[in-house]
Amino acid sequence: MAGTLLEVTGLSKRFGGFVALDGIDLNVAAGERVGLIGPNGSGKSTLVNCICGTLVNETGNVRFDGETVDGLLTHERTRRGMARSFQLPRPFTTLTVADNLRVPLLYTVNARPGRALSPAELDTRCAELLQLVALADKGTHLPRDLTQVEMRKLELARAMAAEPKLLIADESMAGLSQSEVDDIVSLLIRLNERGITIILIEHIMRAVMKFSQRLIVLVSGKKIADGLPDAVIRDPEVERAYLGQ
Amino acid sequence: MGRGKQVELSFDLLINAVIAGILLGGFYTAVTLGVSISFGILDIVNIAHPAFIILGSYIAYIVNARLGIDPIAVSILMLPVFYLLGAGVYQVYYESFERRGQESLRGLSFFFGLLFVTEVMLILVFGVDYRYVEAPYIGPSWRLGVMDFPLRMLVPCIAALALFAALELYLSYTFIGRAIKAVAQDQLALRLMGASPVRIKRIAFGISIATAAVAGALLIIIQPVEPSVGREYIGRVFAICVLGGLGSLPGTVIGAMLLGILESFTATFYGPSWAPAVAFGVLLLTLAFRPAGLLGR
Amino acid sequence: MRTRVFLLLLIAVAIAVFFATRWVNNDYVFFAGYTVLQFVVLATAWNILGGYTGYVNFGSAAFFALGAYSTVFLHKLYPLPIPLLIVIGGGVSGIVGLGMGYLTLRLRGAFFAIATLALAVVLQTLIVNWDYVGGSRGAYIIRPNEIALIGPYIQYLFLLMLALAVIALTIARGIERSQLGYGFATIRDDELAAEASGVPTLRLKLIATTLSGALMGMAGAPFPYYIGYLQPSSAFGLEYAVNSIAMPMIGGTTSWVGPLIGAILLGSLQQIATVTISSAVNLLIVGLLLVAFVIIAPNGIVGLVQGWIRRTK
């Protein structure tokens, strides 16, 4: 289908006897802003891991940008344009904050066909990214000197450094203040305007509603809703399973 | 174990190789039980486990030589001592590595250092001569037709299986036992139940080292011991663990039996000098082709 | 400092060391120095896979012995010049490292470490049972007494090992400052995040294993000429396994300086200790130092010095 960037069909994943994902189907069109919500343990991060190749799904397949990516290693998928941030930040602890951003530039952006960035351009790009997430003065620090919130921003910046076509942001906003949440949402919307498709996984409903053009709900490994945000949150099944009250 | 010459396939030889293999496998169970707990359940790569076993062997030797007490009895007396030793080692490991998230490089080096230091200290104290114990069941065999059951292998095999049964019951039916099984999978649930994961892991590691006391006594009953013998067992122990599937005690028994029979056959038909390679070869092959083990999780 | 400049500097230092040692004119210094330099190569090689990439190799003796036994094997066929033997020894060890890495590097680091132990034992068993290279009885290599241009043969061996040390240190430092070095560091710090950032982790790990193994094999290739009579127990000796780990861990694993310091310090200490005390006590001290440093000073001597500099600033 023209315009579909990500196509997940019948994806299932089990851990021993536990079924983490049960036949997930979802499509994301190029340029879309999709929100993915669900209670803890519903399988959101597992889904991300399967899409990106960190975990291998038992059934189903994943097509990205017109080609099947099943069987490709994670770094190959990243080079084809998928980037993700991790729910619990995983910085490179012995590299400086700036060097953390240099890694995806060296290994993803420079690895793609076409002109590689020169060392000067790499430095500029790192500085730009640090500016974007308000970490410009922490460039020479080590990740252990950052606060939890700053580490989440670094995590997001590192995913952005890979110049993806699809960015999956996994709970990047936990612990941020209201204004910081707004900043990140604006940032993501700006990125989207530049052409990057974004899947936002979040618990902060305000951010999700503001950001998403479409909302998908995952509960206990099954997709129970997929549509316009206003309609989805009024869906009685969603209210019961997730919103609770 | 093994007669070491190229032979025609006689039924006697075959059946006795199988028996020797099973008895050996029983003993290997005792050796591996501790690692099933520390590596299989707690995910701690304690490659120094054989060093503790050898330590147990030498303690059994000293007490047996001086006071004439049966080595298995000695090991039972030593259980609390080894338990405390294990708990202490875990505490150091936890403070220095687990808490700082440095288990991989430094934790491994730590245990390697322990293994090495133990071996060298034993060399300094006891020298490189082989040591052995005396007991009434070392020597005689129980014959059943053409089948030959050397008592020095049969008694340790039975003791090992008894140890396995005791541990399996403990892990399945006591609160702490089940907490130990759970600690690898769900630390949060454990905390909510009021048990501290660190304390549970310390208990588990203590138990793991305590089994080494028994395994050590059984080892020196089966064969004479000298300080470098421990190194042969590193491969065996991890081969059995991986073969049987990590974290499964019954899997350990099956893996141990399989390896015992394989080694027994190799020694009987190809010669004992090839035996050390069997375990390691099995380990390499299993890791390469079926890392989840035969009973894979 | 560019790597080329570093290399030239090292070569200058090496030449100075060589001529200084000749001036001392004591054969023992050459013999002891050879062993220390050998450890510089082994420690640096280990650190490329261990310190830089985070994968522990317990089987350094295996790669070292492969180099030594390649020499023995070829020596029986046709005597070749040692530099060629070094290249071949490195090639054999490198290929074995690659093969073993391919089998085990897709698993966790702990399994790789155990597999390296396994490799050492399997290899030793194979060689003990292989009569062509002497088996358990050992093999004799008659080395000439003298060589043209240099004089006593041991000085030639010393010079070769100096060259290898220069090569190993240059490679290590070159990696540190390159894109490859970044890649290795990310694998060490967080392999999952590295993959997600586009780092081809398996390929890089294989490069590290092959390079590390090859360097160790190169260090082992001249060994039969050095020792004259090679037995499996000496080629696969315990001191190689423990020193290859202890020297970088004590010296410091994050830079090329660490293994160098560790090898020179510990290597010299051991040479002195073996002569004055027993070799067993000597190894015991190394083992105890390893455990102590790993617990108390995880970044080694280099880390301690860096910490001291930061505090006094």
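In this predicted model, one residue pair is in polar contact between chain B and chain C, counting pairs with both residues at pLDDT 80 or more. The count of salt bridges between these two chains is zero. The contact itself draws on 39 residues from chain B and 38 residues from chain C, and about 3600 Å² is buried between the two chains, with 83% of that area on carbon and sulfur atoms. Arg106(B), Phe112(B) and Phe116(B) together account for 18% of the area that chain B buries against chain C, more than any other three residues.

Four helices of chain B each supply at least two residues of the side that touches chain C: helix 3 (71-98), helix 4 (103-126), helix 9 (229-244) and helix 11 (275-289). Helix 4 of chain B gives the most to this side, with 15 residues. Sorted by class, the residues of chain B that face chain C divide into 28 nonpolar, six polar and five charged.

Thr125(C) belongs to helix 5 (residues 109-128) of chain C and is buried, with a relative accessible area of 7%. Beyond its neighbours within four places in sequence, Thr125(C) is in contact with Ser273(B), Trp274(B), Pro276(B) and Ala277(B). Ala280(C), for its part, sits in helix 14 (residues 279-296) of chain C. With residues up to four places away in sequence not counted, Ala280(C) touches Val120(B) and Leu124(B). Within its own chain, Ala280(C) is 99 residues from Gly181(C) in sequence, and their C-alpha atoms are 37 Å apart in space.

Two pairs of chains touch, and the most contacts are between chains B and C. Chain A and chain B are joined by no contact, and their closest C-alpha atoms lie 6 Å apart. Turning to the other pair, 21 residues of chain C are in contact with 22 residues of chain A. The area buried between chain C and chain A is about 1900 Å², and carbon and sulfur atoms give 60% of it. One salt bridge is counted between these chains; it joins Arg90(A) to Asp190(C), with the closest N and O atoms 2.9 Å apart. Eleven residue pairs are in polar contact between chain C and chain A, both residues being at pLDDT 80 or more.

On the side of chain C that touches chain A, the elements giving two or more residues are helix 7 (179-189), helix 8 (191-196) and helix 9 (201-220) of chain C. Helix 7 of chain C provides the largest share, eight residues. By class, this side of chain C has ten nonpolar, six polar and five charged residues.

The largest nonpolar core holds 255 residues, among which Leu188(A) and Phe238(B) touch the most other members. Helix 8 (residues 197-222) of chain B gives the most to this core, with 16 residues. Leaving aside its neighbours within four places in sequence, Leu188(A) is in contact with Leu156(A), Leu167(A), Met173(A), Ile198(A), Leu200(A) and Phe211(A). A second, separate core has 26 residues, including Val28(A), Cys50(A), Val62(A) and Val69(A).

Over all chains, 22 salt bridges are found in the whole structure. One of them brings together the side chains of Lys13(A) and Glu58(A), at 3.6 Å from N to O. Lys13(A) lies in strand 1 (residues 4-15) of chain A and Glu58(A) in the loop between helix 1 (44-52) and strand 4 (59-64), so this pair ties together parts that are 45 residues apart in sequence. Lys13(A) is buried, with a relative accessible area of 9%, whereas Glu58(A) is partly exposed at 43% relative accessibility.

A further salt bridge forms between Glu150(A) and Lys138(A), whose closest N and O atoms are 2.9 Å apart. Glu150(A) lies in helix 5 (residues 148-161) of chain A and Lys138(A) in the loop between helix 4 (119-132) and helix 5, so parts that are twelve residues apart in sequence are tied together. Glu150(A) is buried at 15% relative accessibility, and Lys138(A) is buried at 17%. In chain B, Arg143(B) forms a salt bridge with Asp148(B), the closest N and O atoms being 3.9 Å apart; Arg143(B) is exposed, with a relative accessible area of 54%. Finally, Glu32(A), Arg214(A), Lys223(A) and Asp226(A) are linked in a network of salt bridges.

Note on methods:
Residues numbered from 1 in each chain as written. Chains lettered and ligands numbered in written order. Predicted model: local features only at pLDDT ≥ 70, side-chain atom pairs only at ≥ 80, totals over all residues. Heavy atoms only, no water. Contact = heavy atoms within 4.5 Å. Buried area = accessible area lost by both parts, 1.4 Å probe. Salt bridge = Lys/Arg side-chain N within 4 Å of Asp/Glu carboxyl O. Polar contact = N/O pair within 3.5 Å; in protein donor to acceptor, adjacent residues only side chain to side chain. Nonpolar A, V, L, I, M, F, W, Y, C, P; charged D, E, K, R; others polar. Core = buried A, V, L, I, M, F, W, Y, C linked by side-chain atoms within 4.5 Å. Buried < 20%, exposed > 50% of the residue type's maximum accessible area, 1.4 Å probe, protein only.
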